[in-house]
Amino acid sequence: YINMSSRVKTPDYYTTLLSRYLFDNLGGIKVFKQEKPSKVMEESYIVVNCLPINYNSVIKEFSMNINIHIPTLNMGLADQRSFNDLTSEICDLIPFERGVEKDGLRLSEESFFISEISSPLKDSDETYFINISVKVYS
């Protein structure tokens, strides 16, 4: 018998967990783990990555990023409507962090909360992206 809850969970474990959840719940948008694709994408996509985890603390708290990439409009501008729609969908799935409440999105044994949302930024692949910072508690 292997007690899976006692095994060390790596950043890749959490990235896979959150990526699958978003893919399953956002109508099939492409979701990539850790890094964006090398070729330019013609449609919107998401990249999920996990920042380093400190395994020396008793309470594990760490951060992840959900980066929403959306192609530019014909005039080279950010598509605000698409950003608002997709950001709202994600906010419906993952609650905002509120004080000491620990009733976030439960995946496995962890709680996921949105902590910050950036403004659209232009990326090197001619998309704009928004970064959604996610706090994870285990």
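These questions and answers walk through one predicted model.

It is a predicted model, where local features need pLDDT of at least 70, side-chain atom pairs count only at pLDDT 80 or more, and totals for chains, interfaces and linings use all residues. Residues are numbered from 1 along each chain as its sequence is written, and side-chain values use heavy atoms, with hydrogens and water left out.

Reader: What percentage of the chain's residues is buried?
Author: Buried means under 20% relative accessible area, exposed over 50%, and partly exposed in between (1.4 Å probe, protein chains only). The chain has 138 residues, and the buried share is 41%.

Reader: How many residues does helix α1 have, and what is its span?
Author: The expected span of a helix is 1.5 Å times one less than its number of residues. Helix α1 covers residues 11–25, which is 15 residues.

Reader: Which strands and helix do the buried residues of α1 pack against?
Author: Those buried residues are Y14, T15, T16, L18, S19, Y21 and L22. Packing here rests on contact, meaning heavy atoms within 4.5 Å. The partners are β1 (30–33), β2 (45–50), β3, α2, β4 (105–107) and β5.

Reader: Is I66 buried or exposed?
Author: I66 lies in strand β3. Leaving aside neighbours within four places in sequence, I66 is in contact with residues including L18, L22, I46 and I132. Its relative accessibility is 0%, so I66 counts as buried.

Reader: What distance separates I66 and V31 in space?
Author: In sequence, I66 and V31 are 35 residues apart. In space, C-alpha to C-alpha, the distance is 9.6 Å.

Reader: Which residue's side chain joins that of S111 in a polar contact?
Author: S111 is found in strand β5 (residues 110–117). With a relative accessible area of 2%, S111 is buried. A polar contact is a pair of N or O atoms within 3.5 Å; within protein, one must be able to donate a hydrogen and the other to accept it, and residues adjacent in sequence count only if both atoms are side-chain atoms. At 2.8 Å, the partner of S111 is R106.

Reader: Is K122 buried or partly exposed?
Author: K122 is found in strand β6 (residues 121–122). Not counting residues up to four places away in sequence, K122 touches G76, T127, Y128 and F129. Its relative accessibility is 45%, so K122 counts as partly exposed.

Reader: What is the phi of Q34?
Author: Most residues other than glycine have a negative phi. Q34 lies in the loop between β1 and β2. Q34 is not a glycine, yet its phi is positive, about 70°.

Reader: Which residue with a positive phi follows α1?
Author: This residue comes after the helix, and its phi is near 70°. The name is G27.

Reader: Where is L73?
Author: At 40% relative accessibility, L73 counts as partly exposed. L73 sits in the loop between β3 (61–71) and α2 (80–93).

Note on methods. Helices (H or I, at least four residues) and strands (E, at least two) are DSSP runs, numbered from the N terminus.
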